[in-house]
Structures are given as structure tokens and as C-alpha cells.
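Please read them alongside the sequence and the coordinates.

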Amino acid sequence: MQSQEESGSVTAVASPSAEALDAKNKRRMQRKAEKAAQQVESNKKHGFKLWLLVVPFLILSVLFSYFPLFGWVYAFFDYQPPIPLSESEFVGLQWFKMLVQNPAQLKTIGQVLINTFAMSGLNILTSFFPLVFAIALNEIRSKWFKNLIQTLTTLPNFISWVLVYAVAFAMFSSTGMINSLLENMHLISEPIKFLDSDSHTWLKMLLWGIWKGLGWGSIMYLAGIAGIDPELYEAAQVDGANRLQQIWNVTIPQLLPTYFVLLMLSISNFLNNGMDQYYVFQNAFNMQHIQVLDLYVYNIGMGNSSLSLATAISMLKSLVSVGLLILVNWLSKRTRGVSIV
Amino acid sequence: MAKKIKQGVAPAMRRTRGEEAYNVFNICFFVIFAFICVYPFYYLIINSISDNSMSSAGDINWLPRGIHWENYKAVFGLEGLSTAAFISVARTVIGTVLTVGASAFLGFMFTQEKMWGRKFWYRFIVITMYFNAGLIPMFITMKNLHLTNNFWVYVLPAIVQPFNIILVKTFVESIPKSLQEAAEMDGAGTLTVFWKIVLPMMSPILATVGIFSAVGQWNSFQDTLIYMTDSKLYSLQYLLYTYINQASSLASAVKASAGTGLNVAALATAQTPTSIRMTVSVIVVLPIMFVYPFFQRFFVKGMMLGAVKG
């Protein structure tokens with residue numbers, strides 16, 4: 001019945017009985033409309049029923065996104081896990097004061113902030129790498145080569161940081177591939193400590209991030225390049241622009257809006273480095289320079305069970321992040337007239 | 001399209017020597033970078049199937065030698081690995097199915113203008129993308145909900161994903177409204193419309209959502225770390241992490257499995273912590289390596305859709 005009706009309306013123009021069908025449809029619609037007008041009440045009920053279907057999911061959203069926000073009250077108590085919150089001592093802003101007044105604490109959190117700023121800063125400074133990567137890859141003529149490179153270089157993006165660490169271990173540990181190779185070539189007598197040392201920790205983390213993310217990051221720009229109006233290049237060629245000039249005057253200006261949006265987003269995520277990467281790479285040697293905020297919150301919260309202090313820090317972090325997002329959005333609206341969220 | 005035009009015009013333009021040199025440099029760079037991206041995986045694979053004594057001496061760099069499968073047999077004999085593999089597969093399958101289902105349903109429902117308070121509830125869900133309570137409040141919540149040391153903590157929080165819902169909703173909005181209206185005229189209810197008409201049309205976007213969610217579930221590591229202390233619920237990723245970091249316990253696990261007579265093979269195939277580590281790594285990475293090339297276009301599409309939405 002349903003399919004008949006559908007095909008009827010689709011082929012209406014060609015079929016001889018089209019007008020009859022059309023009229024029938026119209027009449028039916030009219031009747032429907034009248035009915036609907038009479039039954040606004042039942043419509044409301046219908047709308048409510050539709051809402052009821054969504055409720056289970058709203059509950060999930062409340063449970064896992066809104067409800068945890070109440071956990072912020074732990075930041076104002078001295079919460080020691082086995083003792084329930086109701087019996088814990090209310091300490092007001094003690095944890096927040098401790099962050100800025102206790103010298104030892106201040107020193108630790110200072111170092112953590114420096115690490116966070118350094119890693120995020122390095123990421124932002126290198127955020128144009130994918131853009132360059134995409135432009136350079138686009139200069140290659142052979143299509144299969146481009147596709148192959150794209151597939152191979154995006155692969156690391158889809159493995160977990162644990163696996164990246166497994167790779168790092170296989171390659172760079174004291175018995176790893178690089179050290180064995182160098183030893184077999186008699187270039188070194190002692191294995192080089194790539195992983196368990198604190199030299200250039202920030203740089204190493206940056207390089208792992210680039211290894212994992214560069215290929216994937218360039219895909220957005222490659223798609224952007226494919227979408228550039230070819231007439232722009234033709235016009236540039238008519239004006240006698242060589243390849244470099246075409247890149248400089250056509251490709252880059254066309255890609256800048258995308259770059260700008262991504263840059264703004266990474267600024268709003270300045271404090272959110274995530275902890276997976278730093279957690280898997282951390283060890284007793286590089287602890288001082290690898291602890292970013294997310295990792296520090298984990299380490300003191302789950303490791304030292306200072307749950308309240310950890311909550312206080314992550315609360316501040318969340319608030320600053322939301323603030324940054326709003327600021328960046330405002331900046332984007334101001335400068336480009338487009339909001340990014 | 002841009003490329004086509006450029007190729008058409010190119011022969012007319014003379015390539016200068018500088019451009020030629022630049023081309024060569026370019027190709028070299030990409031070959032080297034692609035090599036760096038892929039070689040480590042190749043290295044893991046050839047070492048996991050090679051003679052273990054050569055492998056631990058660092059002799060296996062280019063081609064596998066003394067190929068054998070004892071490592072894989074031994075690894076699946078290790079206590080915990082098959083359980084972890086089962087958990088990882090289960091969370092990937094169940095989690096993906098539920099996320100895809102929920103995203104499809106919610107994405108569709110939020111296009112139904114009749115729904116009570118539609119705009120409000122849509123925003124209610126979408127806004128959760130922009131804040132998060134933080135690790136400790138999350139942990140305490142899960143504890144209060146009795147979800148720590150519970151398999152469902154892998155799945156339940158991942159079901160409602162605002163980002164996926166936005167993607168699906170945008171997609172549904174691009175389907176002509178007349179289709180739904182026609183079906184409703186024939187007396188189909190909203191759910192029938194969803195099930196019979198909209199859902200079958202959604203498959204491209206659902207494939208994208210599904211593939212991202214599956215990779216996310218398979219790769220997820222943090223939730224095991226935070227919520228699980230029961231080793232029966234460890235995921236493969238977490239098990240791999242413990243294997244890498246606890247060489248001594250791994251060695252004893254290897255010994256234990258050897259002691260039970262699981263492998264009385266020659267020295268060449270006796271497992272070392274290194275060989276076990278590499279073998280487990282390969283087991284963890286293989287699904288991704290198999291899936292990725294075939295689904296690459298979905299990944300790319302997902303990213304582009306995300307970009308549109310900002």
C-alpha cells in the first residue's frame with residue numbers, strides 16, 4: 001500500500017490517472033488537516049510521547065555529563081575515600097589557598113603549568129606543519145603516490161598511545177632496534193637512553209605527537225586544496241605566476257580560514273593536553289618535565305588519593321577552559337565574523 | 001578538480017631546474033616520512049614471527065628469519081590475554097552498536113518538530129561537548145553508580161555522543177521532508193518512519209560514526225586505568241601497557257605458561273618478555289591495520305563533516 005502510494009506520487013506526471021490521484025491526495029490532505037486542527041490536544045500528547053522516547057538518552061546525558069559536575073563540591077571538603085562526604089570536614093577554599101600559598105605545592109604546580117604551557121605552546125608553534133605537508137603533497141603529480149603516502153602517514157593516528165609507547169619501546173629502549181643497530185655497527189658501546197632519561201622531554205613528546213598526527217592533520221587541508229576554485233590558478237597563471245607564487249598567492253590564502261579555526265580550537269584547548277600520551281611515557285626519570293595538568297590531576301588524585309586537591313585543580317582547569325573557549329569564539333566573531341562553536 | 005586543470009596546463013609551462021630539484025626533494029621527504037610511519041609496525045610484525053634468539057640479538061631488521069608461530073600460541077596461553085581480547089572485542093562491538101543506534105535515533109528524533117521542547121533538549125545534549133567535570137568527579141560518579149569494576153562503564157558513558165548526534169541530525173535534515181510526510185499520510189507512525197524510511201537512508205553517515213566509535217573503543221585505555229582494578233575486566237590496551245612496564249611479572253608469566261608444558265619447543269622459539277611484548281602489540285594493532293585502508297574514505301569523510309560543523 002505504502003509503496004504503491006509513493007510510486008503513484010512520483011510518477012504522477014507521466015501516469016494518465018495522475019490528476020485523479022492528485023485530487024485524491026489533496027482531498028485526503030484536507031481531511032487530515034481538518035482532523036489535525038480538531039486534535040491540537042492529541043498533537044501535544046504526541047509531541048510529549050516523542051519526548052518520552054528520548055528520555056532514556058537524556059538520563060544518560062544527565063548521569064554522565066551533568067551529574068558529575070556536583071562532584072565539584074569535593075573540592076571544598078577534606079574528602080578521604082572510605083569516609084563518606086557527609087562525614088568529611090568542610091574546609092571551604094583551603095585547597096585553593098594551598099595551591100598558591102604552600103611553597104612546595106606552588107613549586108610543583110608551577111612546574112606542571114610550565115610543562116603544560118610548553119607542550120601546548122610547541123604544539124601551537126608547529127600547528128602549520130600539516131598545512132605545509134598538504135601543500136607539498138599536493139605538488140606531487142602522481143595520484144597513486146599521493147594516495148599511498150596519505151594512507152601510510154595517517155595510519156599512526158589510529159593507534160592508541162599505548163601502542164605508540166609499545167612502538168617506542170621496541171625501537172628506542174636500551175634493547176630496542178636503534179640501540180641494537182648502533183651497537184652492532186660499533187658506533188656506541190653503551191645503549192643510549194632515549195626513553196628513561198629527562199633530556200629533551202618536551203621535544204620528544206612533540207615529535208611523537210607529530211609522528212602520530214601530521215598525516216591526519218594534513219587531510220583537512222588536502223580536501224581544502226581540492227575545493228579551491230581552479231579559475232584562481234588559471235588567473236594566476238595568466239598573470240605569469242610560477243608554482244611557488246601560485247602557492248603563496250592562491251593556495252595559502254584559501255587555506256588560512258581553516259587554519260585559523262583549528263588554531264583557535266587548539267588555543268581553547270590550551271590546558272587540555274589529555275593524559276594518555278604523557279601517562280604512558282612517564283617514568284621516574286622524566287617525571288619532572290612530562291607532568292602536564294591532566295596527568296598531574298591523575299597522579300595526585302588516583303595515585304596519592306588527594307581527591308579533594310585534584311578536584312580543585314581540575315575544577316579550575318575546566319573553568320579556565322570554558323573561559324578560553326568563550327574568549328576564542330568572541331575573537332573569531334570579532335575578527336572574521338564567524339563563530340567557531 | 002583543481003588538479004585536473006593544472007595537469008592540463010602543465011605541459012605548456014616549462015619546469016625550471018629549481019622546480020625539478022624541489023620535486024625530487026619533495027618525493028624523498030614523503031617517502032622517508034611514510035617509511036618512518038610504517039616501518040615500526042613492520043618491525044614488530046617480523047620480529048613477532050622470527051626466531052626469538054635472533055630477534056633478541058637485534059638481527060631482524062628487514063626480513064623475518066626462522067619463521068614460527070610459537071609466540072602467538074604462547075601469548076594466547078598467557079593468563080589474562082584471551083580474557084582481555086574478549087573484553088576488547090565485546091566493548092568494541094556492543095559499544096559501537098549502541099552508539100550508532102543512539103546517534104541514529106536521537107539525530108532523527110531531534111528533527112521531529114512535533115517533539116515537546118525539541119530545541120531545548122537538543123541544546124541540552126549538545127552543550128555537554130563544551131564542558132567536562134574532570135577526572136576525579138567522574139570517578140566518584142562512576143563509583144556511586146556502581147560502575148567501577150563493571151563492564152558497562154566501557155559502554156554506557158559512550159552511548160550519547162553530542163558530536164555524532166549533530167552529524168546525523170545534519171544528515172537527516174538533508175533528506176527531503178516529503179518522504180516522511182508521504183509515509184505519515186499512509187498512517188506510518190514516527191517510529192515506523194524512522195525504522196523503515198530514514199534509517200536505511202542513513203547508512204553512509206552511520207558507517208562514519210560507527211567506524212570512529214569502533215576505533216575509539218578498541219583504542220581506549222584511560223577508562224580501564226581509572227575504573228578497573230579487577231584484572232578480569234582489563235582491555236587489551238591496558239594489558240599491553242602492563243606487559244611493557246612490568247618486565248619481571250611478564251617474565252614470570254611466561255615461565256609459568258612454559259612450566260605447564262604449553263611450549264617445550266627449542267630455544268629458538270622460547271618466549272622472552274620482548275617477544276611477548278611484540279606479539280601482543282601486533283595483536284592489538286592488526287585489527288586497526290586491516291580495517292583502516294578499507295575504511296579510509298569513511299574516516300576522511302567523518303573528519304570533513306566535523307570540520308563543517310566546527
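1. Chain interface. In this predicted model, 88 residues of chain A are in contact with 77 residues of chain B (two residues are in contact if their C-beta atoms, placed from the backbone, lie within 7 Å). On the side of chain A that touches chain B, helix α3 (residues 40–66) of chain A gives the largest share, 15 residues. By class, that side of chain A has 58 nonpolar, 20 polar and ten charged residues (Ala, Val, Leu, Ile, Met, Phe, Trp, Tyr, Cys and Pro count as nonpolar, Asp, Glu, Lys and Arg as charged, and the others, Gly among them, as polar).

2. Conventions. Residues are numbered from 1 along each chain as its sequence is written, while chains are lettered from A and ligands numbered from 1 in the order in which they are written. As the model is predicted, local features need pLDDT of at least 70 and side-chain atom pairs count only at pLDDT 80 or more, whereas totals for chains, interfaces and linings use all residues.

3. Helix α8 (residues 161–172) of chain A packs with helix α2 (residues 17–49) of chain B at an angle of about 75°, their axes 10 Å apart. Helices (H or I, at least four residues) and strands (E, at least two) are DSSP runs, numbered from the N terminus; axes are lines fitted to C-alpha atoms, for helices over the stretch in contact, and angles run from 0 to 180 degrees between N-to-C directions. The angle makes α8(A) roughly perpendicular to α2(B) (angles under 35 degrees count as roughly parallel, over 145 as roughly antiparallel, 65 to 115 as roughly perpendicular and the rest as oblique). A:Val167, A:Ala170 and A:Met171 of α8(A) make the contact with B:Pro40, B:Tyr43 and B:Leu44 of α2(B). By class, this contact has six nonpolar, no polar and no charged residues.

4. A pair within chain A. Helix α12 (residues 243–268) of chain A and helix α16 (residues 307–336) of chain A have axes 8 Å apart and pack at an angle of about 155°. α12(A) is therefore roughly antiparallel to α16(A). Their crossing is right-handed (a crossing is left-handed if the near helix is turned anticlockwise from the far one by less than a right angle, and right-handed if clockwise). From α12(A), the contact uses A:Phe260, A:Met264, A:Ile267 and A:Ser268; from α16(A), A:Ser321, A:Leu324, A:Leu325, A:Val328, A:Leu331, A:Ser332 and A:Arg336. These residues divide into seven nonpolar, three polar and one charged.

5. A pair within chain B. The axes of helix α5 (residues 81–109) of chain B and helix α9 (residues 162–173) of chain B come within 8 Å and cross at roughly 50°, which makes α5(B) oblique to α9(B). The crossing of α5(B) with α9(B) is right-handed. B:Thr99, B:Ser103, B:Ala104, B:Leu106, B:Gly107 and B:Phe108 in α5(B) meet B:Asn164, B:Ile165, B:Val168, B:Lys169 and B:Val172 in α9(B). The classes in this contact are six nonpolar, four polar and one charged.

6. Domains of chain A. Chain A is divided into domain 1 (2–85) and domain 2 (102–336), with bounds that come from an automatic or database domain assignment. The C-alpha centres of domain 1 and domain 2 of chain A lie 41 Å apart. Eight residues of domain 1 of chain A are in contact with six residues of domain 2 of chain A.

7. Annotation. In an unreviewed entry, UniProt places "transmembrane region" features on chain A, including residues 158–182 and 247–271; its positions are given in the numbering used here, feature names are shortened, and annotations may be inferred rather than shown by experiment. Residues 158–182 of chain A are 72% helix and 0% strand, with end C-alpha atoms 30 Å apart. Residues 247–271 of chain A are 88% helix and 0% strand, and their end C-alpha atoms lie 34 Å apart. On chain B, the "transmembrane region" spans in the unreviewed UniProt entry include residues 85–108, a stretch that is 100% helix and 0% strand.
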